[in-house]
Amino acid sequence: MVFVEVSPGIFINFGKNEAPNKANGWAISNTGFIIGDESVLVIDAGPSYQYASEMIEYIKKVTNSQINYLVITHHHPDHSFGISKFLEIDTKVIISNSELKNYLKYGNKLLLQMKKKVGDDWFENTSINEFNNNKQKFPFSIDLGSRKIDINLYTDGHSGGDLTVTDKNSHIVFGGDLVFNERAPTIPHANILNWLRYLDEISNFNWSGLVPGHGPIIKKKNKLDFTKKWIQHIHYIARDAVKKGLSPAEVLELGVPEFLSSTKLAKETWNRDVPVLMKHYENDN
Ligand SMILES: [Zn+2]
């Protein structure tokens with residue numbers, strides 16, 4: 001775990017931009033924290049109790065401020081399964097209502113699948129825990145001590161309720177998985193038309209740096225174009241295939257469209273997500 005201080009008091013551990021495997025222990029997404037005079041706010045808990053424990057150790061080395069807040073951008077396990085450790089140290093967990101529901105509903109099943117894929121050892125003490133988010137209303141602001149943070153909710157975009165975190169001092173925004181950089185976006189719980197709208201909104205903010213859920217920090221707005229292009233096109237392909245009555249196998253046989261194929265994890269993501277989207281759209285009909 002290597003945290004980089006991208007701006008004074010803002011640290012990020014960049015996840016491995018690869019598929020989950022036995023070597024990375026599912027630590028494939030970015031996590032970070034922001035230090036104020038009194039409080040630390042953590043963005044995403046990582047995939048396991050072990051990951052979260054290491055993160056907390058690290059934070060304690062760089063600051064005496066209390067780890068009072070943890071924002072979970074959405075329920076996907078690479079972002080949320082470290083929650084159990086933060087609950088132990090009484091950190092207040094901020095998550096949208098829909099994503100808390102999804103975390104509790106799918107958590108144990110996902111945890112079993114993950115253990116099977118990359119080994120039990122990575123997930124020792126990792127558990128899915130009930131906790132109260134007090135039905136938090138969004139947006140709202142938190143003062144960490146000479147440091148104001150805005151938390152925004154984007155309903156039914158990439159997930160049921162993605163949260164973003166904006167540091168008002170530095171104008172750095174943590175976009176969660178609404179934003180991907182240099183790898184294929186994942187869409188299993190997405191409403192793509194809303195998501196495209198949200199990306200335009202986020203793009204128009206006056207940020208100095210945009211931290212994606214996966215991939216390097218974004219400094220220029222045109223870096224968002226790839227995520228847009230990918231989700232627009234996969235949406236179009238899946239809809240069109242359903243309209244024409246094609247099977248997923250027939251669509252996948254055509255491969256990843258050339259203009260999308262050079263990004264990391266393109267093939268795996270395309271092959272997994274096209275059938276998922278087609279199923280959604282079949283059910284819509
Ligand atoms: Zn993710």
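Biologist: How many residues of domain 1 are in contact with domain 2, and how many of domain 2 with domain 1?

Modeller: In this predicted model, 13 residues of domain 1 are in contact with 16 residues of domain 2. Helix H5 (residues 192-204) gives the most to the domain 1 side, with three residues. That side divides into eight nonpolar, two polar and three charged residues.

Biologist: Where do the two domains run, and how far apart are their C-alpha centres?

Modeller: The domain assignment gives domain 1 as 3-225 and domain 2 as 229-284. Their C-alpha centres lie 27 Å apart.

Biologist: Why is Thr263 called buried?

Modeller: Thr263 has 21 other C-beta atoms within 10 Å. A residue counts as buried at 20 or more, so Thr263 is buried. Thr263 lies in the loop between helix H7 (248-253) and helix H8 (266-284).

Biologist: Which residues does Thr263 touch, leaving out those up to four places away in sequence?

Modeller: Thr263 touches Glu182, Arg183, Ala184 and Phe226.

Biologist: What makes Glu182 partly exposed rather than buried or exposed?

Modeller: Glu182 has 16 other C-beta atoms within 10 Å. Buried needs 20 or more and exposed needs 12 or fewer, so Glu182 is partly exposed. Glu182 is found in the loop between strand E10 (172-180) and H5.

Biologist: What is said of the phi of Glu182?

Modeller: Glu182 has a positive phi of about 60 degrees, although Glu182 is not a glycine. Most residues other than glycine have a negative phi. Asp156, also not a glycine, has a positive phi of about 50 degrees. Asp156 lies in the loop between strand E8 (148-155) and strand E9 (161-167).

Biologist: Why is Asp156 called partly exposed?

Modeller: Asp156 has 16 other C-beta atoms within 10 Å.

Biologist: Which peptide bond is cis, and what is its omega?

Modeller: The bond from Phe138 to Pro139 is cis, with omega near -5 degrees. Most peptide bonds are trans. Pro139 is found in the loop between helix H4 (97-118) and strand E7 (140-143).

Biologist: How do you know that the span of helix H1 is close to the one expected?

Modeller: Helix H1 (residues 49-62) has 14 residues and reaches 20 Å from its first C-alpha to its last. The expected span is 1.5 Å times one less than the number of residues, which for H1 gives 20 Å, so the span is close to the expected one.

Biologist: Which residues of H1 are buried, and what do they pack against?

Modeller: Tyr49, Gln50, Tyr51, Ala52, Met55 and Ile56 are buried. The buried residues of H1 pack against strand E3 (31-35), strand E5 (66-71) and helix H3 (83-88).

Methods:
Residues numbered from 1 in each chain as written. Predicted model: local features only at pLDDT ≥ 70, side-chain atom pairs only at ≥ 80, totals over all residues. Helix = DSSP H or I, 4+ residues; strand = E, 2+ residues; numbered from the N terminus. Contact = placed C-beta atoms within 7 Å. Domains from an automatic or database assignment. Nonpolar A, V, L, I, M, F, W, Y, C, P; charged D, E, K, R; others polar.
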